[in-house]
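Keep it brisk and give the cut-offs.

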Amino acid sequence: MSSNPTPSPLSSATQAGGGGATPAFSPLYQQIKGLILHSLQHGEWKPGEVIPSEMDLAARFRVSQGTVRKAIDELAAENLLMRRQGKGTFVATHAERQVQYRFLKLMPDVGDAREEGPAQRTILECKRSRASVEIARALQLRTGDPVIQARRILSFAGVPTILEDIWLPGQAFKGLTAEQMAEYQGPTYAMFELDYGVRMVRAEEKIRAIVPDDEQANLLLVTQQTPLLSVERLAFTYNDVPMELRRALYRTDTHHYHNSLS
């Protein structure tokens, strides 16, 4: 813990938001939530690490333990923190199974994803390129800025099931290679955390039905008349900064897209 005096939540909340001042009427627990988010965003506690206890955070921010608990409850509900009975509160990580399956929506028609096991990955390319107008707009870059562009096939039981095109900001993912993507055995988002310090905390998706072009059909071993599910995902890190654009085509003859609404 820093020996510097900790500013009050009201004065620190402006920093937590990365810009505009937090209104004075913002509930105190929301201000504490913003301060904890600020620490997460700036890497004070890494994915998978335990954060200070509620008592320690209450002393640090000069608020009640109940206020800290309410802030942590919200962060846990948003899957940014994870409570472990008797062990403390940890920064959520994509290495955790329950976090992995938040972002995995294609499920087998028979059994479940855990029984099916991880997909077999074939990396077709991973190269450095320049952002087009469309890609730059999605990732909040300038046209022509460097991006990492990757294409891969995910197969289940030897059957190519998903074709993905991925774009990442070149500066944040400098040095990413096809070999690295192929060799990492865990979830790709966990690799992003471990090797690049980038944690995807939420995503937005657009879904539509399409038929593939000739190249896509060949890669997925289907005909050009086969209906596929097109899923475009924009994934964000802390503070709603977009860090990945992913366009995927899903075969749905043995799998289906599953989403739980609440």
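Arg84 places its charged end over the ring of Phe90, 4.2 Å from the ring centre. Arg202 does likewise with Phe236, at 4.1 Å from the centre. A charge sits over a ring here if NZ of Lys or CZ of Arg is within 6 Å of the ring centre and within 35 degrees of the ring normal.

This is a predicted model: local features need pLDDT of at least 70, side-chain atom pairs count only at pLDDT 80 or more, and totals for chains, interfaces and linings use all residues. Residues are numbered from 1 along each chain as its sequence is written, and side-chain values use heavy atoms, with hydrogens and water left out.

Next, the chain as a whole. It holds 10 helices and 10 strands. These are DSSP runs numbered from the N terminus: helices are H or I of at least four residues, strands E of at least two. Of the 262 residues, 43% are buried. Buried means under 20% relative accessible area, exposed over 50%, and partly exposed in between, with a 1.4 Å probe and protein chains only. The accessible surface is about 13,800 Å², and carbon and sulfur atoms account for 52% of that. Areas come from the Shrake-Rupley method with a 1.4 Å probe; for residues, only the protein chains shown count as cover. Take contacts between residues at least 6 apart in sequence: 57% of them join residues at least 24 apart. Contact means heavy atoms within 4.5 Å.

Now the aromatic rings. Rings of Phe, Tyr and Trp (its six-membered ring) pair if their centres lie within 6.5 Å; planes under 30 degrees apart are stacked, over 60 edge-to-face, and the rest tilted. That rule gives three aromatic pairs. Phe173 and Phe192 form an edge-to-face pair, 4.7 Å centre to centre with 65° between the planes. This pair links distant parts of the chain: Phe173 is in the loop between strand E6 (159-169) and helix H8 (178-183), and Phe192 is in helix H9 (residues 188-196), 19 residues apart. Both Phe173 and Phe192 are buried. Phe173 also pairs with Tyr196, tilted, at 5.4 Å centre to centre and 50° between the planes. Tyr196 lies in helix H9 too, 23 residues from Phe173. Tyr196 is buried, as is Phe173. Together with Tyr189, these residues form one aromatic cluster: Phe173, Tyr189, Phe192 and Tyr196.

Which residues touch the most other members of the largest nonpolar core? They are Ile32, Ile36 and Leu57, in a core of 19 residues. A nonpolar core is a set of buried Ala, Val, Leu, Ile, Met, Phe, Trp, Tyr and Cys residues joined through side-chain atoms within 4.5 Å. Helices H2 (28-41), H3 (54-61) and H4 (65-77) each supply at least two residues of this core. Beyond residues up to four places away in sequence, Leu57 touches Ile36, Trp45, Ile51, Pro52, Val68 and Ile72. A second, separate core has 17 residues, including Ile148, Leu168, Met181 and Ala235.

Ser155 sits in strand E5 (residues 146-156). Ser155 is buried, with a relative accessible area of 10%.

Two loop residues remain. Leu221 is not a glycine, yet has a positive phi of about 55°. Leu221 lies between helix H10 (214-220) and strand E8 (228-237), and is exposed at 63% relative accessible area. Asp240 has a positive phi near 60°. Asp240 is in the loop between E8 and strand E9 (241-250), and is partly exposed at 44%.
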